[in-house]
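Please look over the sequence and the structure shown below before reading on. The paragraphs after it are meant for someone meeting this structure for the first time.

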Amino acid sequence: IRAQSIAARAMLNLSWAPENKIPMFEVDNLVDSLITMLLTRTSEWGGRGHGVSTFLLQSRRHASGALRNLAAAPRRNKFHLCKHGNGSLLNSLLDAARNDPDTSVKTRVLATLHNLTCADSAEILISEPGLLDLLSELATANETTGNTEDELGTLAFRTLRTMEKAASSDMSCHDSLQKVLNEVSATRNSTVLKPVKTESSAE
C-alpha cells in the first residue's frame with residue numbers, strides 16, 4: 001500500500017509537465033490504475049488501521065491530482081478521457097465526488113471535471129447520468145462549513161458555466177444544462193467566481 005502511494009505521487013508529479021500529458025495518456029492501463037487508486041478507500045488485508053488509511057488517502061489524493069492534471073490537455077485527449085472505458089472514468093469521478101470522505105479528493109475530482117470540459121466533450125459530460133445533479137447540489141449547498149465547502153461550490157458552479165460556454169445550442173442536452181444553470185444561479189447569493197486551483201504538481 002505504501003508503494004502504491006509512492007507510485008501515485010510519482011504519476012502526479014509527472015502529470016504536471018505539459019509535455020508528459022499525452023505520452024502518459026497513451027500508456028496502457030495508466031488511467032485505469034489511477035481510477036483503481038482513486039476508488040480504493042479500504043484494504044481487505046490491511047483493515048482500517050491508521051497507517052493503512054493514511055497511505056490509502058495519500059494514494060487517492062495523488063491519483064485524483066494526476067487525473068486532474070491529465071485532463072488539462074488538448075481537446076482530443078479530453079474527449080478520449082470522457083469516453084475512456086465506456087464511461088468508466090466519468091462514473092468513477094462521480095463516485096468519488098459523492099462518496100469519498102476527504103474533501104481534498106473531492107476538490108481534485110471536481111477540478112478534473114472542469115478540466116475535461118471543452119467543445120468536443122461537452123455533450124458527453126452534460127449527458128452523463130447524475131453529473132448535472134451533482135454539480136447543482138454542490139453549487140447550491142449551504143456554505144456553513146467554512147472555506148473548503150465554499151471552494152467546492154464555487155468550482156461546481158464554475159464547471160457548469162464552462163459547460164455552458166462549450167455547449168452549442170443545437171445539442172440535445174443544452175436545455176437540461178440551461179435549466180440547471182438557471183436554478184443554480186437563482187439560489188446562489190453571488191455569481192462572483194473565486195479563483196480555484198484546477199492544476200497543481202505538488203498537492
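What follows goes from the chain as a whole to some of its helices, and then to single residues.

The model is a predicted one, and its chain holds eleven helices and zero strands. Of the 203 residues in the chain, 46% are buried. Among the contacts in the chain with a separation of 6 or more, 78% are accounted for by residues 24 or more positions apart.

H1 has 15 residues, and from its first C-alpha to its last it reaches 22 Å, which is close to the 21 Å expected at 1.5 Å a residue. Within H1, the residues Ser5, Ala8, Met11, Leu12 and Ser15 are buried. These residues lie on the same side of H1, because they cover an arc of only 120° around the axis. Arg2 and Ala3, by contrast, are exposed on the other side of H1.

Helix H3 can be read in a similar manner. The residues Leu30, Val31, Leu34, Ile35, Met37 and Leu38 of H3 are buried. Their directions cover an arc of only 165° around the axis, and this is why they are on the same side of H3.

Helix H7, made of residues 103–116, gives another picture. H7 has 14 residues and reaches 20 Å from its first C-alpha to its last, close to the 20 Å expected at 1.5 Å a residue. Eleven of the 14 residues of H7 are buried, so this helix is largely enclosed by the rest of the structure. The buried residues of H7 are Val105, Thr107, Arg108, Val109, Leu110, Ala111, Thr112, Leu113, His114, Asn115 and Leu116. One of them, Thr107, has a relative accessible area of 12%, and it counts as buried because that value is under 20%. Which residues does Thr107 touch, not counting those up to four places away in sequence? They are Glu151, Leu152 and Leu155.

The next step is to see how two helices meet. Two packed helices are described by the angle between their axes and the distance between the axes. For helix H2 (residues 18–25) and helix H5 (residues 75–83), the axes come within 11 Å and cross at roughly 40°, and the crossing of H2 and H5 is left-handed. On the side of H2 the contact is made by Lys21, Ile22 and Phe25, while H5 brings Arg76, Asn77, His80 and Leu81. The residues of this contact of H2 with H5 divide into three nonpolar, two polar and two charged.

Two further buried residues show how parts of the chain come together. Leu56 lies in helix H4, which is formed by residues 50–71, and with 2% relative accessibility Leu56 counts as buried. Leu56 and Thr40 are 16 residues apart in sequence, and from C-alpha to C-alpha they are 6.9 Å apart in space. Leaving aside neighbours within four places in sequence, Leu56 is in contact with Ile1, Gln4, Thr40, Arg41, Thr42 and Ser43.

Ser121, found in the loop between H7 and helix H8 (122–127), is buried, with a relative accessible area of 0%. The C-alpha atoms of Ser121 and Arg75 are separated by 7.9 Å, although these residues are 46 residues apart along the chain. When neighbours within four places in sequence are left aside, Ser121 is in contact with Lys78, Phe79, Cys82 and Leu116.

Two asparagines in loops complete the tour. Asn29, in the loop between H2 and helix H3 (30–39), has a positive phi of about 70° although it is not a glycine. Asn29 is exposed, with a relative accessible area of 54%. Asn86, in the loop between H5 and helix H6 (88–99), has a positive phi of about 55°, and Asn86 is not a glycine either. Is Asn86 buried or exposed? With a relative accessible area of 82%, Asn86 is exposed.

Conventions:
Residues numbered from 1 in each chain as written. Predicted model: local features only at pLDDT ≥ 70, side-chain atom pairs only at ≥ 80, totals over all residues. Heavy atoms only, no water. Axes fitted to C-alpha atoms, helices over the stretch in contact; angles between N-to-C directions. Helix = DSSP H or I, 4+ residues; strand = E, 2+ residues; numbered from the N terminus. Left-handed = near helix turned anticlockwise from the far one by under 90°. Contact = heavy atoms within 4.5 Å. Nonpolar A, V, L, I, M, F, W, Y, C, P; charged D, E, K, R; others polar. Expected span 1.5 Å × (residues − 1). Buried < 20%, exposed > 50% of the residue type's maximum accessible area, 1.4 Å probe, protein only. Arc of directions from axis to C-beta.
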